[in-house]
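Please open the model in your viewer and keep the selection panel at hand, as this tour moves from one selection to the next.

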Amino acid sequence: MIVTPVWYMMLAAALFVIGAGGLLLRRNALIMFMSIELMLNAVNLTFVAAARQLGDINGQVSVFFVMVVAAAEVVVGLAIMVAVFRRRASASIDELAELRG
Amino acid sequence: MTELVLFVLFGIGALAGAIMMVISRNPVYSALGLIAAMFSIAVLYVVNGAHFVAAVQIIVYAGAVMTLFLFVIMLIGVDQPEDTSEQLPIQRPAALALGALLLVGFLIVIGAGTLAGSDEGSVVGTVEAIADELFTNWLLPFEVTTLLLVIASVGAIVLAQFKLRDRR
């Protein structure tokens, strides 16, 4: 049985859906954030599989950029989370309704 | 054959880590599940010839980012139980149903995909190959990401500093 890049894409789709489910089902802001990271990882795996399928290194360069942006996003997001926690002492996103109109 | 074994082993590892991340009550276990998933994905990168990307995955994601996550989990506190009551009663079943629908849609699209593969397996993402691409065709985006990282680190410092001054 030959493993084709399509298999990796299907695995990546499953990981993406698990991440999306975690984002929708959990209320803890940190775990929702981790779910976003998992979704980004799934997309990266798709990029790598496509790079192999197409014989094109640009897919792997794209993964590099996704990782850089994800790192920046994590830094800012966690800083916001710590700042919110200092004020509210809670990591649950349902309590953050101050901007509600 | 080797690839099949690696795919099954680490594919299951990635899925198990991901599911552990979503369902575990303790955020530290969630972080450990995500680390397991990221390591498994790094192995799959190596199988696909993306050696540099796999190294960056281990160093940046499983190393730096997850350490930051664990640090914040410890800072925020893991002892308070999560409020599992939903404000919208329909959200949980709707999320599960839409997730299943999304997965089915993905699998159909990928299964019916017409991705033209000519020289499969010929891409080896060594440092030289990536750098060759990165510093010629992708030079401007690469420079812009440095700006992004500077903005992100300045933003993180400002967010941390602001509250300190506020409290005094």
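Helices are DSSP runs of H or I with at least four residues, and strands are runs of E with at least two, numbered from the N terminus. This is a predicted model, in which local features need pLDDT of at least 70 and side-chain atom pairs count only at pLDDT 80 or more, while totals for chains, interfaces and linings use all residues. Residues are numbered from 1 along each chain as its sequence is written, chains are lettered from A in the order in which they are written, and side-chain values use heavy atoms, without hydrogens and water.

Select α2(B) to begin. At its start, a side-chain oxygen of Asn26(B) reaches to within 3.0 Å of the backbone nitrogen of Val28(B), and just after the helix Gly49(B) takes a positive phi of about 85 degrees.

Next, show chain A and chain B together: 69 residues of chain A are in contact with 85 residues of chain B, where contact means heavy atoms within 4.5 Å. The area buried between them (the accessible area, with a 1.4 Å probe, that two parts lose on being put together, summed over both) is about 7200 Å², of which carbon and sulfur atoms give 74%. Now pick Leu25(A), Met34(A) and Arg52(A), which supply 10% of the area that chain A buries against chain B, more than any other three residues.

Conventions: A polar contact is a pair of N or O atoms within 3.5 Å; within protein, one must be able to donate a hydrogen and the other to accept it, and residues adjacent in sequence count only if both atoms are side-chain atoms.
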